[in-house]
Amino acid sequence: MDKVNRMLMLFHSLIQGGKINKVDFAKSNNISERSVDRDIEDIRNYLAEIHAGSEVIFNKAENIYYLTNWNNYKFSSVEAITIFKILLGSKGLRKDEMQGIMRAIRMMIDPMARKETINSVYAEVENYISPVHEKPLLNILEELTAVIQKRLKIDIDYTKKTGNKTYKRISPLIFVFSDFYFYLIAFIDEAEYKYPAFFRVDRINSIKVTDEQYSEELYKTYNAAKMRNCLQFMYTGELLNIKVRCKNQSVEAFKDRLPNNWLIKDEGEFKIYGAKVFGDGFIKWVLSQGTNIEVLEPLILREKILKEVNQINDLYKNKRGVIDGRY
């Protein structure tokens, strides 16, 4: 075995938590113990260069080498299982991409706990069903990350939910994950409105990167840290200050959904909260809460909700519905 392969074998064994017996390793590879020492020294130099915080130690009593602190970079069994469960529950990626990520995480689990961890989620992984769109996303997300960091405008070929294609030049700000899908938040060049648009990443057919940068001010204003708590509903629209009255049993759901909330008044059975939201998406969510949450302000949002409720009422009053108990 040549030196490169020998060092890779040594390094792999060390990061897996293995202990290298110098005499046994030298004999099995038909090299001198001094060669083993030199290989180990090269690994030590590499660890120092990357500031790994780990060190190869030699135990004279047992004549073995082992690596310290490497487990600091590993997941415990419960941490890995939790990540796996979140990934599987998200249903955001195609099965092969999901399995690839899980294999990478698997290598970061303590070797002693690896089998137990994999066994606990094996059935779920095997029965995982890809999203309906069946589109690989990791490469396009990597490309979007690069252009966002450079603040470069891009031209996209995009398929709307109607099936129609559109071509836009946009300033990509951030991408986020919500309710099974990745979304790109961006400003459309020459758009009449002054708020960002939301594009489902799986509907982006192609990206052409331009050499045109958008302003740093726009990037700072709409960065992920500031926007994330307002991006609970992936629909475009103006960013609004809202006021709602919540029954106590819905307070937790409201606060989890809108973490940028603030308490305005405690009325005992009800609490009044304020929050910032993109209105159009919020309407769809608040309707799912029935009479537990009432929107008080702004009035235009109340009017939109009333219009939606009336349309739902008309739909279910339609004679095409149940007739004499039959459909």
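## Strand 9 and its partner

Let's start with a pair of strands: strand 9 and strand 12 (residues 293-297) run antiparallel and are joined by four bridges. Strands here are DSSP runs of E with at least two residues, helices are runs of H or I with at least four, and both are numbered from the N terminus. Two strands count as paired if DSSP finds at least two bridges between them. Across this pairing, Cys246 sits opposite Ile293 of strand 12.

In a regular strand the side chains alternate between the two faces of the sheet. Buried means under 20% relative accessible area, exposed means over 50%, and partly exposed is in between (1.4 Å probe, protein chains only).

## What you are looking at

This is a predicted model, where local features need pLDDT of at least 70 and side-chain atom pairs count only at pLDDT 80 or more, while totals for chains, interfaces and linings use all residues. Residues are numbered from 1 along each chain as its sequence is written, and side-chain values use heavy atoms, with hydrogens and water left out.

Next comes an open sheet of three strands in the order 1-3-2, with antiparallel pairing. Its edges are strand 1 (20-21) and strand 2 (55-59), each pairing on one side only. Strand 1 is linked to strand 3 (residues 64-68) by two bridges, and Asn21 has Ile64 of strand 3 as its bridge partner.

Helix 1 (residues 3-15) packs on this sheet and touches strand 1, strand 2 and strand 3, with its direction at about 60° to that of strand 3. Touching, or contact, means heavy atoms within 4.5 Å. Helix 3 (residues 33-49) packs on the sheet too, touching strand 2 and strand 3, and its direction makes about 150° with that of strand 2. For these angles, axes are lines fitted to C-alpha atoms (for helices, over the stretch in contact), and values run from 0 to 180 degrees between N-to-C directions.

Strand 6 and strand 7 share four bridges, with Ala186 opposite Ala197 of strand 7.

## The nonpolar cores

Which residues touch the most other members of the largest nonpolar core? Out of 33 residues, they are Met102, Ile156, Ile170, Leu184, Phe199 and Val201. A nonpolar core is a set of buried Ala, Val, Leu, Ile, Met, Phe, Trp, Tyr and Cys residues joined through side-chain atoms within 4.5 Å. Helix 7 gives this core its largest share, five residues. A second, separate core has 18 residues, including Phe254, Tyr273, Val286 and Ile305.

## Two helices side by side

Helix 4 and helix 5 pack at about 175°, with their axes 11 Å apart. Among the residues making the contact are Phe84 and Leu87 of helix 4 and Met98 and Ile101 of helix 5.
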